[in-house]
Amino acid sequence: MKVLITDITWADTAIEDEVFARVGAETVLAKTGEEDELVELVRDADAILTCFAHVTPRVIAASNRLRVIGRYGVGTDNIAVEAATRRGLPVTNVPVYCTDEVAEHVLGMLLALVRGFALYDRAVRVGDWSLGVGLPTRRVAGSTLGVVGFGAIGQTVARKAQGLDMEVIAHDADEVRVRAAGVEPVALGELARRADAVSVHVPLLDGTRHLVDAEFLKAMKPTAYLLNAARGAIVDLDALAQALADGTIAGAGIDVFEPERLPADHPLLAQDRLLATPHTAFYSEESMRDLARQAAENVAAVLAGEQPAAVVNRDALASVG
């Protein structure tokens, strides 16, 4: 059996190779992850495992041997899930592996923004030691964090924020689990108005695309901050650039963009009150080991005729086993 790995952001596939060897499968790592290359490599593949490369309907249609498509990570917006489901192909993911990393990244960005770290760092490097460069700075303790989406990562962010003595409010369809965490559930508009910082943790769906738009940003306090380490398209980046330029909000910490890479001349990147990172919130040495193993084990389970730990199109599991 053959497992096509479309792309990785770590050194090698040693962990995956070990997992797949147990079920008699070997791995092939694509060189570019581009569609034309994947179409050729997938023809004799029994499985696909992808990180950021797009598994398109054309790629899926190019092989009659495919039995499963796996994702390194939570979201599956880079996989043609509907096309896979029509073919009876389970699409697996790893819903929980980097909750601490993303939560730490988000709160680290918040602290850096509120305390002016990036502005002070740039100034000191050119000989400017004045206090005013990064002002105003504020106390995080006692401020209100609004969490949009209260899944595993949103809950972890809330718990860690409470450890910083922040008040936490949240918007989520499941108000019971919000209350169970000692957090106040609120409507989206109320969250925008009340929060001193908004952190976004919803999946990218038709209903969440540009969820944070110009109207949402205008509802926020002018002293508030926006944080996004979920998916780039959840935030309207043109509207965010304008909001930062106008002083509609105080700043933003953004780890994900639409598109990635964002063009260097995009007006958002010209804003001093933007703290940007290149989609790295998920990463730590520990989380990458967990991710590689769990993603490979999901795919290996299907190849062995067993149930994977996580699947996004459960109807397709009828063909497994």
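Tutor: Start with helix α5 and helix α7, which are oblique to each other. Oblique is what remains when angles under 35 degrees count as roughly parallel, over 145 as roughly antiparallel and 65 to 115 as roughly perpendicular. The model is predicted, so local features need pLDDT of at least 70 and side-chain atom pairs count only at pLDDT 80 or more, while totals for chains, interfaces and linings use all residues. Residues are numbered from 1 along each chain as its sequence is written, and side-chain values use heavy atoms, leaving out hydrogens and water.

Two packed helices are described by the angle between their axes and the distance between the axes. For α5 (residues 99-115) and α7 (residues 152-163), the axes cross at roughly 50° and come within 9 Å. An axis is a line fitted to C-alpha atoms, for helices over the stretch in contact, and the angle runs from 0 to 180 degrees between N-to-C directions. Helices (H or I, at least four residues) and strands (E, at least two) are DSSP runs, numbered from the N terminus.

On the α5 side, the contact with α7 is made by T99, D100, V102, A103, E104 and L107. They meet A152, I153, T156, V157, R159, K160 and A161 of α7. By class, these residues are seven nonpolar, two polar and four charged. Contact means heavy atoms within 4.5 Å. For the classes, Ala, Val, Leu, Ile, Met, Phe, Trp, Tyr, Cys and Pro count as nonpolar, Asp, Glu, Lys and Arg as charged, and the others, Gly among them, as polar.

Exposed means over 50% relative accessible area, buried under 20% and partly exposed in between, with a 1.4 Å probe and protein chains only.

Helix α5 also packs against α6 (117-125). Here the angle is about 60° and the axes are 5 Å apart, and α5 and α6 are therefore oblique as well. L111, A112 and R115 of α5 touch F117, A118 and Y120 of α6. That contact has five nonpolar, no polar and one charged residues. The loop between α6 and β6 (144-148) holds P136, and a cis peptide bond with omega of about 0° joins L135 to P136.

A further neighbour of α5 is helix α12: the buried residues of α12 pack against α5, β1 (2-5), α1 (14-21), β3 (47-50), β4 (68-71) and β5 (91-92). Among those buried residues are S287, M288, L291, A292 and A295. An α-helix has 3.6 residues a turn, so residues three or four places apart point the same way. Helix α12 (residues 285-303) has 19 residues and should span 27 Å at 1.5 Å a residue, which agrees with the 28 Å between its end C-alpha atoms. The expected span is 1.5 Å times one less than the number of residues.

The loop between β12 (274-276) and α12 contains H279. Phi of H279 is near 55°, again positive in a residue other than glycine, and at 16% relative accessibility H279 counts as buried. Just after α12, G305 has a positive phi of about 80°.

Finally, compare α1 with α12. Their axes cross at roughly 25° and come within 9 Å, so α1 and α12 are roughly parallel to each other. The crossing is right-handed. I15, E16, E18, V19 and F20 of α1 meet R289, A292, R293, A296, E297, V299 and A300 of α12. This contact has seven nonpolar, no polar and five charged residues. E18, one of the α1 residues in it, counts as partly exposed, at 39% relative accessibility.

Key:
Left-handed = near helix turned anticlockwise from the far one by under 90°.
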